[in-house]
Amino acid sequence: MKLLALETSTDSGSCALLLDGDVSERCCPPGRPHSETLLPLVRELMATHGVAFGQLDAIAFGAGPGAFTGLRVACGVAQGLAVAADRPVVPVCGLEAMAATVGAPRVFSLLDARMGEVYAAAYERRPTGLELQGEISLGAPETLALPSGAGWVACGNALAAYPVLAGRLRDAGYALQPAVLPQAAAIARLAAGHLAHGAAIDPALAAPLYVRNKVAKTISERLGEGGKA
């Protein structure tokens, strides 16, 4: 299987190429917009391995949740490349990719959603792969519902961004891995499994996963809180 994966849902953008089980990954340079650096990095990665876009089985992308602009970059680039090469696309949840990176039987993936909130998803490993427990949620670090039971590993940048959340998890007996973020290598490996189970879609149907449907307060809301229009 040959599969290209793109991930730009956080400041840590990356792309990866899966070739018959082996994965090669490149990371976007820090401090520059992913919209400027991702495509040149993809072309360099493909050229290094001598793979043409038409030889790919599919193009995967980190669908989110995450930064709105970043989600649109990965989705848009994946769509454009897939249409040009007549390939399908495979959307993969970044929180699932984080859980796959940790590799524990029970993983609670947590991303900083900004605006004082956290994206969260709990995964348990089954013989068929990672299984989402409940739904992906968005909540305040002080009140975010925690999955019950023992043996959980919590991961993601929300742990460093919100010490109160890290404290709650420590008190509940969770192991913490704050450095874990969605990365293209994990997206590629998960996408290979999804593709094998028929999860590829037409590029025209590709869309980011927006857990939050509101990214800014209205003028009336800001004025009501004593802010400026």
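**View A. Helix α6 at the second largest pocket.** Helix α6 (184-196) gives the most to the lining of this pocket, with four residues. Helices (H or I, at least four residues) and strands (E, at least two) are DSSP runs, numbered from the N terminus. This is a predicted model; local features need pLDDT of at least 70, side-chain atom pairs count only at pLDDT 80 or more, and totals for chains, interfaces and linings use all residues. Residues are numbered from 1 along each chain as its sequence is written, and side-chain values use heavy atoms, without hydrogens or water. α3 (94-102) and β8 (129-139) also each supply at least two lining residues. Among the lining residues are Glu96, Arg125, Arg189 and His197.

**View B. The stacked pair Phe68 and Tyr210.** Two aromatic pairs are counted. Rings of Phe, Tyr and Trp (its six-membered ring) pair if their centres lie within 6.5 Å; planes under 30 degrees apart count as stacked, over 60 as edge-to-face and the rest as tilted. Here the centres are 4.7 Å apart and the planes at 10°, so the Phe68 and Tyr210 pair is stacked. Phe68 sits in helix α2 (residues 68-85), Tyr210 in the loop between α6 and α7 (219-224), 142 residues apart.

**View C. The tilted pair Phe108 and Tyr174.** The ring centres of Phe108 and Tyr174 are 6.3 Å apart and the planes at 50°, so this pair is tilted. Phe108 lies in strand β6 and Tyr174 in the loop between α5 (163-171) and β10 (175-177), so the pair ties together parts 66 residues apart in sequence. Phe108 and Tyr174 are both buried (under 20% relative accessible area; exposed is over 50%, partly exposed in between; 1.4 Å probe, protein chains only).

Technical notes
On a 1 Å grid over the protein atoms alone, a cavity is a set of points where a 1.4 Å probe fits but cannot get out, and a pocket is an open set with protein on both sides within 12 Å along at least five of seven lines; lining residues have an atom within 4 Å of a point.
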